[in-house]
Amino acid sequence: MSDDLNDGFDLNVLREMFKAEAYELVAELESALLALDQSPQDKDLIGRVFRALHTIKGSGGACGFEDISNFAHEVEAVYDAIRNDQLAVTKEIINATLAARDQITALFNRHYNLGDAQDDATEQVAVQLRRFLPAGYVGKSKKPKPAPPVVVVPEVRMQATYRIRFRPAHNIFQLGTDPGRVLEELRGLGSCKIVAQLNEIPGLDGLEAEQCYVYWDIILTTDRGLDAIKDVFIFVEDVSEVKIEQFDVDALLSGGEEAQRLGDILVERGDLRPEDIKGLNVGQKKIGEVLVEKGLVQHDQVETALTEQQHVRELRRERQKTEEMSSIRVASPKLDKLVDLVGELVTVQARLSQASLIANDGTFISIAEEVERLTAELRDNTMSIRMLPIGTIFNKFKRVARDLSQNLGKAVELVMEGTETELDKTVIEKLHDPLVHLIRNCIDHGIEMPGDRVAAGKPRHGTIHLSAVHSGAHVLITISDDGGGMNTDSIRKKALEKELITPEDSLSEKELFSLVLLPGFSTASQVTDVSGRGVGMDVVKQAIDALRGTIDIESTRGAGTTITLSLPLTLAIIDGFLTKIGGGYFVFPLSLVDECVELKASEERSASGRTLLPVRGELVPYILLRDRFAVEGARPPIEQVVIVKVDALRVGFVVDHIVGGHQTVIKSLGKMYKGVEGLSGATILGDGSVALILDVPKLVQGVEREETGIA
Amino acid sequence: MNIKQHRNGDREIISVSGAATVAEAASLKQVLLSAFQQAGEVELTFEAIGDADLTVLQLLCSAHRSAADHGKKLVVKGLDQEPLVRLIGQMGFTRHVGCRETTRTTCFWLCKQGAH
């Protein structure tokens, strides 16, 4: 195929259009393969793998990526044989297909100038895959041929709405069938409304209690097709009257806002003649009531029509929602730029608000307030655009867990929860490497060999839970395993060897665990290529610190380890709490602030060298930020204590004045401030001055260290 | 099915517990029939209902219509029990208005914010 123009269409444009989809397809292929590895008999999963390969082959060919198209065809042939029951899914086939998937990714990378690919690897994997095929196997999958550009249309099953009448035989119960089960099966096919027709139920005298006098009108919207509906009735069709009729709901849905009128529905259903409603005077009454009173329709027919009206209304709402949810693809640098601009706008808006207050002009103040409201709305909307579900990276870890556990001869299952939890794209990107390391650690150090697990009375398979959940302005990511847990004796021994602690130090379990986050700390007796090189956990700590997050470790010997990462939702703009010390401004992240109290010189007390403040009967340790940051000047007679809460510990920070809430656009500090502990960034205030953003967890850790005396 | 019955003036009080399926439908019908023969008002209470199917709903409809036709009164309690609420929804019995002038507001299947 020519790389120039093809039917007036630039191939490069097509390739660029296909780029994002190409990587989605290889991700889908990987995800389907990993699921198939767990359920090798699952026909749906085999279909997913086949479809992904088929689309890669077709679309790759259309884009002129013939190497990818031909290679995908080789892989597809294996899955064609599997689909036709000529071949069974094995671990070896999955391994080879995963290798093929990696090679396809490498080939895409090469085409898109994102990396290189080894051509001989393509042939090696292809040879390996051909060996799986039964001798002389001729598949149905067609060899790719250069094709003109095609629009890749995903497989779409058309939704249709049906009116169904189900009238079972009176003696259906005696035949051993409960009509309720049939109705339940129909419900399983899609959006379904069922109206029992009760008009044929006789009075008590004439009722045979074991007979069925009820029949049903059903409105069903499904994408499963007519055959699937007929299948539901397969066991009752001989003893029931079943009428299925498709009706054109699309015309109703696209026909403006008004719901179809009840009379029209009754006419359309054949329950009422059109001439019966012509000139019908209903006055104040409802049309359904009038029609029943006049004996033109039965009460149950009105009930069915009302239900159909409601069903169509719901479909319309659903369609509107789907339309609202439709999305466009935007290059992420454009979004980053937008966030930067909004950040600048928030800063300028603060200046505007301040200037309006100084000018003390009513009109000016009112305009500034309006700008403030709009800016806040714009900020929230912009930030929400950058939110991505954390599942986008969680899913990548399945492969990591599978490959590593296979290499180490361990049996490990990775269970994920809360994959829909949203987090800023920047945070998600920076979270990948630390999470990979933590999962590798769990598999390498945490989960025991299958034999050891069975001997310890545990299931052969180890389980790693990876979960994410929102907690206020933070997301908590938990990685827990049911492995051997951390050995406090080994940690203490290693810490003594490295002179991180002294023999006299009495450390709590939690404090011992936190030592593993220090640089160069590793208790693994053997260095493996996976972990145990003494680097890793400190790198994880640095990465999480850089995200203004915290790490918490809990472990029980023999039962497993749980590591919890607490991360801010976003890195760009936060709600801050502005304070003043001397001539300088300091910002606390508002989410950490618990309360503020006053501190008079007379209230200061000290115990064992620590300053403590009584707050409603509780003694809260506090530190003077003025001293911590060497701010010059005299302390005012009444100071303010901002009490923060970090990991259940309440600590007070003494400042001169409280300014109040502040939209804080975070700017990173220059190199000069790199070594300063306790500051995480800076922000520009309305008057152009700079406020420093406090790294509260670091400051609290400092207080903890001082309290426990750990260096 | 466990059926208990006693009289309070002109009111026959019946309480039913356990299964309410096709296997018990005929007995319950007989109990209701005889209750209506003896009293002007019947109060039927469902307590700790286990399994239930269409026949019990059908029977209630039938009894309610008979009562209305004969100028008698049927009061049913305990329809808010989970197995019955589920069954009423599953069988499509929920109604916007009662099927007759006399049961317009007393129909057992009137939807009250989605619950019975």
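**Exercise 1. A hairpin in chain A**

Task: In the hairpin of β23(A) and β24(A), which residue takes a positive phi, and how many residues lie between the strands?

Solution. The model is predicted, so every value here is computed from its atoms.
- Step 1. Find the two strands. β24 of chain A covers residues 690–694, and it pairs with β23(A) in the antiparallel sense over five bridges.
- Step 2. Look at the connection. Five residues lie between the strands of this hairpin.
- Step 3. Check phi. Gly688(A) has a positive phi near 90 degrees.
- Step 4. Trace the facing residues. Leu679(A) is opposite Leu694(A) of β24(A). Thr683(A) is opposite Ala691(A) of β24(A).

**Exercise 2. The sheet around the hairpin**

Task: In what order do the five strands of this open sheet in chain A stand, and which are the edge strands?

Solution. 
- Step 1. Write down the order. In chain A it is β22-β14-β15-β24-β23, with mixed pairing.
- Step 2. Pick out the edges. β22 (657–665) and β23 (679–684) of chain A each pair on one side only.
- Step 3. From one strand to the next it averages 35 degrees.
- Step 4. Look for a helix across the sheet. Helix α13 of chain A, residues 332–359, lies across β14 (573–581), β22 and β23 of that chain. Its direction is at about 150 degrees to β22(A).

**Exercise 3. A residue in a loop**

Task: Where is Met672(A) placed, and is Met672(A) buried or exposed?

Solution. 
- Step 1. Locate the residue. Met672(A) sits in the loop between β22 and β23 of chain A.
- Step 2. Apply the cut-off. Exposed means over 50% relative accessible area.
- Step 3. Compare. Met672(A) counts as exposed because its relative accessibility is 79%.
- Step 4. Met672(A), Tyr673(A) and Val676(A) make up a nonpolar patch on the surface. Together these residues have about 340 Å² of accessible area.

**Exercise 4. The strands of chain B**

Task: In what order do the four strands of the open sheet in chain B stand?

Solution. 
- Step 1. Read the elements from the N terminus. They run β-β-α-β-α-β-α. That gives three helices and four strands.
- Step 2. Pair β1 with β2. Strand β1 (residues 2–8) of chain B and β2(B) are antiparallel, over seven bridges. Asn8(B) faces Arg11(B) of β2(B).
- Step 3. Inspect their hairpin. Two residues lie between β1(B) and β2(B), and Gly9(B) has a positive phi near 65 degrees.
- Step 4. Pair β2 with β3. β2(B) and strand β3 (residues 41–52) of chain B are parallel, over nine bridges. Gly18(B) has Ile49(B) of β3(B) as its bridge partner. Ala20(B) stands opposite Ala52(B) of β3(B).
- Step 5. Give the order. The sheet in chain B runs β1-β2-β3-β4, with mixed pairing.
- Step 6. Name the edges. β1 and β4 (73–77) of chain B each have a single partner strand, so one side of each has no neighbour in the sheet. The twist averages 15 degrees from one strand to the next.
- Step 7. Helix α2 (residues 54–69) of chain B lies across β2, β3 and β4 of chain B, at about 150 degrees to β4(B).

**Exercise 5. Inside or outside?**

Task: Why is strand β2 of chain B described as largely enclosed by the rest of the structure?

Solution. 
- Step 1. Recall the cut-off. Buried means under 20% relative accessible area.
- Step 2. Count along the strand. β2 of chain B covers residues 11–20, and seven of its ten residues are buried, so the strand is largely enclosed.
- Step 3. Turn to the whole chain. Of the 116 residues of chain B, 53% count as buried.
- Step 4. Do likewise for chain A. Of its 711 residues, 45% count as buried.

Notes
Residues are numbered from 1 along each chain as its sequence is written. Chains are lettered from A and ligands numbered from 1 in the order in which they are written. This is a predicted model: local features need pLDDT of at least 70, side-chain atom pairs count only at pLDDT 80 or more; totals for chains, interfaces and linings use all residues. Side-chain values use heavy atoms; hydrogens and water are left out. Two strands pair if DSSP finds at least two bridges between them. Axes are lines fitted to C-alpha atoms, for helices over the stretch in contact, and angles run from 0 to 180 degrees between N-to-C directions. Contact means heavy atoms within 4.5 Å. Patches are made of residues with over 30% relative accessible area and no salt bridge: like charges are joined within 9 Å, nonpolar side chains (Val, Leu, Ile, Met, Phe, Trp, Tyr) within 5 Å. Accessible areas come from the Shrake-Rupley method with a 1.4 Å probe; for residues, only the protein chains shown count as cover. A salt bridge is a side-chain nitrogen of Lys or Arg within 4 Å of a carboxyl oxygen of Asp or Glu. Buried means under 20% relative accessible area, exposed over 50%, partly exposed in between (1.4 Å probe, protein chains only).
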